[in-house]
Amino acid sequence: MDISKTAAPNRSTPADTPGTPDTGYRPSDHERERQRYRRSRKRRHTWISTLCTLLALVVVGAAVVASPGWERVDRLFFDGAELRSAFPDLLRGFWLNIQMFLVAEVLILVLGLLIALVRVTRAPGLQPLRLAATVYVDVFRGVPTLLLIFLVGFGLPRCNCRAPPPSPGSSA
């Protein structure tokens, strides 16, 4: 087969594409047609998926509003006056959540650093601590979070662990 008869990419001159460097490549008419088709298909698929999503949301919303208990749900959960009266409590709860996050973040960073340092140390006297840190990390990594929440939330209260008694100088 003669190489000169095979399809070679069309060469363009810098005057054909102003403002772009001459790379020597210009897509063929067939390739440009493919790109146009792909763009139109992508637009069509985007419109279809958007319309289907909106239709699904309208159907679900209509089903919820038409359900028999909607009036009660609307009165209990979507009452603007109730929201306005509870808003200060919501803000206080949100502020408490931020404070708990900040304290927990510092404690978690310190605890994580200590565990990491214990795990990488090679001192023979710290072997029991290294073993405990390895077991702790492996258990908390391997057990699903929801199961850990259930263990802490429901398991620890069943242990009947009592808080330490208040110190004599504090008011209980």
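The questions and answers below go from the chain as a whole to its side chains.

Trainee: What pattern does the protein chain follow when read along the sequence?

Mentor: Bear in mind from the start that we are looking at a predicted model. Read along the sequence, the pattern is α-α-α-α-α.

Trainee: What percentage of the residues of the protein chain count as buried?

Mentor: A residue counts as buried when its relative accessible area is under 20%. The protein chain exposes about 15400 Å², and carbon and sulfur atoms supply 69% of that area. With 172 residues in the protein chain, the share that count as buried is 6%.

Trainee: How much of the contacts with a separation of 6 or more comes from residues 24 or more positions apart?

Mentor: A contact here means heavy atoms within 4.5 Å, and the total to keep in mind is that of the contacts in the protein chain with a separation of 6 or more. Within that total, residues 24 or more positions apart account for 3%.

Trainee: Which helix holds Ile-149, and is this residue buried or exposed?

Mentor: Ile-149 is one of the residues that make a nonpolar surface patch of about 810 Å², together with others including Leu-146, Phe-150 and Val-152. The helix that holds Ile-149 covers residues 145–158 and is α5. Because the limit for this class is over 50%, Ile-149, with a relative accessibility of 51%, counts as exposed.

Trainee: How are Arg-32 and Asp-29 placed along helix α1?

Mentor: The side chains of Arg-32 and Asp-29 meet in a salt bridge, with 2.1 Å from N to O. Arg-32 is partly exposed at 27% relative accessibility, whereas Asp-29 is exposed at 54%. Both residues lie in helix α1, which covers residues 29–66, and they are 3 residues apart, about one turn of the helix.

Trainee: Are Glu-33 and Arg-36 buried or partly exposed?

Mentor: Glu-33 and Arg-36 also lie 3 residues apart in helix α1, about one turn of the helix. The relative accessible area is 43% for Glu-33 and 41% for Arg-36. Because values between 20% and 50% belong to the middle class, Glu-33 counts as partly exposed, and Arg-36 likewise counts as partly exposed.

Trainee: How many aromatic pairs does the structure hold, and what kind of pair do Trp-70 and Phe-78 form?

Mentor: The structure holds 3 aromatic pairs. In one of them, the rings of Trp-70 and Phe-78 are 5.9 Å apart, centre to centre, with 40° between the planes. Trp-70 is partly exposed at 22% relative accessible area, while Phe-78 counts as exposed at 54%. Because planes under 30 degrees apart would be stacked and those over 60 edge-to-face, the pair formed by Trp-70 and Phe-78 is tilted.

Trainee: What kind of pair do the rings of Tyr-136 and Phe-140 form?

Mentor: Tyr-136 and Phe-140 are 4 residues apart in helix α4, which covers residues 127–142, so about one helical turn separates them. Tyr-136 is partly exposed at 36% relative accessibility, and Phe-140 is partly exposed at 42%. Their ring centres lie 4.6 Å apart and their planes meet at 45°, so the pair is tilted.

Trainee: How many disulfides does a search of the whole structure find?

Mentor: A disulfide is a covalent bond between the sulfur atoms of two cysteines. Cys-52 is partly exposed at 48% relative accessibility, and Cys-159 is partly exposed at 49%. For a disulfide to be counted, a pair of cysteine sulfur atoms must lie within 2.5 Å, and the number found in the whole structure is 0.

Methods: Residues are numbered from 1 along each chain as its sequence is written. This is a predicted model: local features need pLDDT of at least 70, side-chain atom pairs count only at pLDDT 80 or more; totals for chains, interfaces and linings use all residues. Side-chain values use heavy atoms; hydrogens and water are left out. Patches are made of residues with over 30% relative accessible area and no salt bridge: like charges are joined within 9 Å, nonpolar side chains (Val, Leu, Ile, Met, Phe, Trp, Tyr) within 5 Å. Accessible areas come from the Shrake-Rupley method with a 1.4 Å probe; for residues, only the protein chains shown count as cover. A salt bridge is a side-chain nitrogen of Lys or Arg within 4 Å of a carboxyl oxygen of Asp or Glu. Helices (H or I, at least four residues) and strands (E, at least two) are DSSP runs, numbered from the N terminus. Buried means under 20% relative accessible area, exposed over 50%, partly exposed in between (1.4 Å probe, protein chains only). Rings of Phe, Tyr and Trp (its six-membered ring) pair if their centres lie within 6.5 Å; planes under 30 degrees apart count as stacked, over 60 as edge-to-face and the rest as tilted.
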